[in-house]
Amino acid sequence: MSLTTEQVRHVAHLARLGLDEVQIDSLSTQLGDILGLVDALSKADTASVTPMAHPLDMGQRGRADVVTESDRREAYQAIAPSAQDGLYRVPRVIE
Amino acid sequence: MHKDSLAALAEGLRSRRFSSRELTEHFLKRIEQYDEALNSYVTVTAERALAQADAADAQIAKGEGGPLTGIPLAHKDLFCTNGVRTACGSKMLDNFIAPYDAHIVELLDAAGMVTLGKVNMDEFAMGSSTETSYYGPTRNPWDTDRVPGGSSGGSVAAVAAGLAPVATATDTGGSIRQPAALTGLTGIKPTYGRVSRYGMVAFASSLDQAGVVAHSAEDAALVLQAMAGFDMRDSTCVERPVDDYAAALGNDIRGLKIGLPSQYFGDGLDPQVRAAVDAAAAELETLGATLTPIELPNTPLSVPTYYVVAPAEASSNLSRFDGVRYGHRCAEPANLEDLYKRSRGEGFGSEVKRRIMVGTYVLSHGYYDAYYLQAQKVRRLIADDFARAFEQVDVILGPTTQGTAFALGEQTDDPVTMYLNDIYTIAANLAGLPAMSIPCGQSAGLPIGLQLIGRHFDEGRLLNVAHAYQQVSDWHAQWPEAYA
Amino acid sequence: MNDTAHCIPDGWEAVIGLEIHCQLSTQSKIFSGSSTAYGAPPNAQASAIDLGMPGVLPVLNGEALRMAVMFGLAVDAEIAPVCVFARKHYFYPDLPKGYQISQYELPIVANGHLDITVGDAHKRIGITRAHMEEDAGKSLHEGFVNESGIDLNRAGTPLIEIVSEPELRTPAEAVAYMKKLHQIVVYLGICDGNMQEGSFRCDANVSVRRAGTTAFGTRTETKNVNSFRYVEKAIEYEINRQVEVLESGGSIQQETRLFDPSTGQTRAMRSKEDAHDYRYFPDPDLLPVHCGAQYIEDVRATLPELPVDKRARFERDYGLSTYDATVLTGERPLADFYETMVAEAGGEAKLCANWVITDLLGALNKAGLEITESPVSAAQMAALIQRIGDQTISGKIAKEVFEAMMNGEGDADAVIEAKGLRQITDDSAILAVIDQVIADNPKQLEQYKGGKDRVLGFFVGQVMKATGGKANPDAVNRLLKERLGPPGEA
C-alpha cells in the first residue's frame, strides 16, 4: 500500500508542511508502509468497545474565575520573530 | 563523586566533605572533558548552576534544605526553563528561550537541585535513538558507535557517563525505559497524571509522562518524590497524595505476585536478553516472589494503536509552531501560506514531518473512524488486558527491549522497523500504567534492561521490587569503563 | 422590519439558520487566568496559554461552564451529563495553537427552543445545540504595508456558539430570534450583549428554494454580522442574490461570505477557500466535563426570572397591559427599576408604569442614557409618585418637578419646597382667587350665565394660571361650580 503523491500533497497542505519533490516521493512510500502497519487495527473486534481518549477515568476540574495572569508582553515578544507596537507581524491577512 | 548515590552525595554535602559548588564544578568539568564525544548536552548552564550551588551551600550552612539540596541534575530539553533555551532537539525551537519554567523544573529548583544544563533528545521526543535531534546524535557511553536509545538519549548518556548524577526524562512510548535499558540505568515512567505536564513540550498529550533516569531505584525514588504531585495547571494531573517512595523501598517482597506475559517473550526477543530477564525473574523468586504466566492478548496491536494515537495528537500539538509568535520563521515569506509552509518545512526534521503527515492523515475527513476512533477502541482493549492481569498479579515483568543498543544509522532508513522497537514499552503508555526499566545483565558488553509494569499509582511497589533486586545484584553498579 | 414578505421574491422561500457567538462575561478567559476586559493595549492580556506557547496547558474556567448551563436551562434544552472539548484545526494567524478548543460531537447544550413573535404571529424556533469554545484573536491592518498585526487579547475569551434549526423563513424572523436570544443572555447576566465590541455576533446560513418544495438548497454562510439591522440587510441581500443566480440558470456555491455594511452587500471570503477539513478530535489536554443532576439543579436555582415569566407576572400582579409589561420587562435593569419604584411607592403600579414608560424613558432617551445611568433613582421616582398620591402636587406640576429632578436639582420634596410648588388645597384661599377671576372677567361671566357652559373651562384655566398651577384642580372645579351656579341661570 502506498499513497499517491496527490494524497501526500493534500495532507501536506492540510498540515502546512512545505515539502520538496524528493520528500513527497519518499513520503508516499513511507506513509504507505506506516498505514500498512496500523491496518492491523481494522481486524480487531471493537463492536461493543467504548473509545478510550484518556488513560485515567477522571472528569474535568473547573478553575475559579479569577484573573491570575499579569501583562508579560515584553517577555513574550522578546522571542517573537517579528513584532511591532505590541502586535505580532505576519504577511497580510486577506479576509 | 560522580559514582556516589544521591544519598551519599547528600551526606557528603551535609557533613561538608564537599560543597555543592565543588560537586557542581566536578560535573561541569566532566562534561567539558567527555561530552564532546557523547553529545549528551545541548546547553550547559554553568553560570546558573554555580549560582544555584552557592545558594544551596548557603542553605546547607544554615542547616536547612532537604535530601536533594545541592545535588546537580540535567533536564531533558523539552522541559521549559525560564531564560534558558528549550529546543526540543528541533531547529524549530533553536531560538526559543522559554519565558517560564515547567512545573517539575520549579519543584526541583525548589528542592535545591542544581541544573547543569539541558540534554539532547530525539526531535520533539519522536524517535528511539536520539538520532533525529537537530543537534546531532548522542552516543552510547558503553559503545560510542551505538545509540543510547531514545528519545531521552541525552538524559541517559549524561547519567551513564557520570556527567550528571541523575536526569529528568519523558516517556510517551518507552522514551525513558528503552534508553535506560540500553545504557544500564534505572528509569521510571510514573502513572499518567502522577507528574504535571505543565511546561513540558507536548508530543502526544494522552501518553506523555515525565520521569527520572538514575543509577538506582533508590536515587530514582528520591527525585520522583520531589517531582510528583498535584498541579492545578494540568487538567490531567491527578489530585491524590504521593506515596512515600523511599519508605516503600524497604518493603519485603515475599508473597509478591509477578506476572510474565507470554507475548513479551515471543519471536524477536534476543536470546541473551531473554536469558538475563529469566535469571532476574528467578532471582526475585528466590527473594520470595511468585512467578505466574499471564496473557496480554492484545499486545500485538499496541504498536499499530500507538502509531495512530501518538501521531494524531502530535500533528495537532505541533500546529502551534507556525513561525508567528516564537520559534523558527522562514526568511521573507511571500504570503501567509508561504510563511506557514516554509517555516514548518524548514523547522521540522524528517521524522517529525513523517509523524505530522501520518497524524494529519488519520484525523482527516473520511479516515477518522477507521483509524483514530478504532485506535481508541483498541486502546481500551489493551488497557483491559492489563486490568485483567492485575486481578491476578501485583507486578508484570518482562524485557524492556528486544535487543541491546544498535549501531548508529542502523535503523534510520526504515521507520516501521524503528517503530517496532517499542513493542514492549508502548502498552504501558496506552494504559497509563507506571513502568520502569532496571539493568539485569549484559550481552557483549552492552546492558540489558528488565521492565516492570505496575497498577495505576503503584510506583512505590515498582521501586520496591527494583530496589530489592538491586540489593542482590550489581548490574546497576556497572559503569562503562571509559567513564568510571 | 415589520413587513418583510416583500423582500422575498415571489415563488421562492428562504431557509435561514443562525449561529450566534455569545461572549460569556467571565472575569478570566475560558482556559487561562488572563483578563477578558475589553480595550487593553494589544497582547497585554495574552498569557503563555493564550499565545499557544509550548508546554502550557488549558484548564477550564468553572464559571464559563456554569454560564453555558444557565443558557441551556433558559431555553429548555438538555444539558449533557458528559460533554467533551474537541480541537478544531485550521491555520490562521489569529488562532495561536493551530486549533481552536471547541466542542463537536458532545456539546454541553442540545435540543432547546425559543418562542418568537413577528407581528401577530408566534413561532417556536428550535435550538439545535450550544457549545463552549474559545474566541480567536484579531488581525489589524492599519499602519502596516503588505502585512498585518496580530492582537491575541481576545484569544481564549469564552464563547457559547448557539446554533438554531434552519426554521427561520424571513429576515424579520431571524432578527426577532436574534433579539430574543440577546435579551435572554443579557437577562441571565452571562453576556454583556455589546454588539459593537463583538460580544454578540451572528453568522447567518441562508439558502433558498422554490416555494412548496421541501429539499434544502445549497447554503452560504455570512460571517460576523454585528447588528440587528445588518443581519436583516445581509440576509435580505443574500436571499435576493441567490434567487437571481438561480433564476438566471446559475448555481449557488457553498461558501463563506462577508457582509459589507457600507454597500449592504455580501461577498465571498478569499481566505477560507480551503475545503474545510477541521480534523476534530477530543482534546487530550482536557477531560470530559461531567454535569451531574445535582449540579444542574444548583445552577437552575440561581436562574433569574426570564423575560417571558416576568412579563406574565407584571400583567398579573401589577395589572399592567401586555404592552406596558412587555416594555418594562424588555431589559432586566428596567424591570428591576420599576419593581423597586412600585415597592417604594407602596402601590400605584399603573401610575408608576406610566411614569417610567412615558416620562423617564423619554427623558433618558433624549439624554442618551441607559436606565442604569438614570440621574433619578427608583426611590426618588417613588417619592414623586407619593407626592401626587397625597395631593402635595398635581400630576401636571409633577412633570415640572420631574424635569428638575432630572436636572439634578434634588429629590421631589426639595424641588417642591425650593420652587414653592405645593398644591393649594385650602378652599378659602382658592375661593379668594376665584372671586378675583370672576370679577376680572365680566364678559365671560355674562356668557356663562347666558348658557355657554364651556366657559367654565376658561375660568378653571384662569384660576390655575393665577395660582401658578398649584391649586388643586378638583377643588377649583368644585368651588367654581358652587360660585357660578349651573350655566344659563341668569
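This is a predicted model: local features need pLDDT of at least 70, side-chain atom pairs count only at pLDDT 80 or more; totals for chains, interfaces and linings use all residues.
Local features are reported at pLDDT of at least 70 and side-chain atom pairs only at pLDDT 80 or more, while totals for chains, interfaces and linings use all residues. Residues are numbered from 1 along each chain as its sequence is written, chains are lettered from A and ligands numbered from 1 in the order in which they are written, and side-chain values use heavy atoms, with hydrogens and water left out.

In chain B, the loop between strand S3 (114-119) and helix H5 (153-160) holds B:Ser151, where helices (H or I, at least four residues) and strands (E, at least two) are DSSP runs numbered from the N terminus. The peptide bond that leads from B:Gly150 into B:Ser151 is cis, with omega near 10°. The loop between S3 and H5 of chain B also contains B:Phe124, which is not a glycine and yet has a positive phi of about 50°. B:Phe124 has a relative accessibility of 1% and counts as buried, where buried denotes under 20% relative accessible area, exposed over 50% and partly exposed in between (1.4 Å probe, protein chains only). Helix H5(B) is mostly covered, with 8 of its 8 residues buried; among them are B:Gly153, B:Val156 and B:Ala160. After H5(B) comes B:Gly162, with a positive phi near 70°.

In chain C, a positive phi of about 60° is found at C:Asn111, although this residue is not a glycine. C:Asn111 belongs to strand S6 (residues 109-118) of chain C, and its relative accessible area of 45% makes it partly exposed.

The second largest pocket has a volume of about 1400 Å³. A pocket is, on a 1 Å grid over the protein atoms alone, an open set of points where a 1.4 Å probe fits, with protein on both sides within 12 Å along at least five of seven lines, and lining residues have an atom within 4 Å of a point; grid points are joined across faces, edges and corners, and the volume is the space filled by probe spheres set on the points. Of the 36 lining residues, the closest to the centre of this pocket are C:Lys179, C:Lys180, C:Gln183, C:Pro307 and C:Gly330. Elements of chain C that give two or more residues to the lining include S6, strand S7 (121-134) and helix H2 (171-188), and H2(C) provides the largest share, 8 residues. At least three lining residues come from each of domain 1 (5-296) and domain 2 (305-419) of chain C, with bounds taken from an automatic or database domain assignment.
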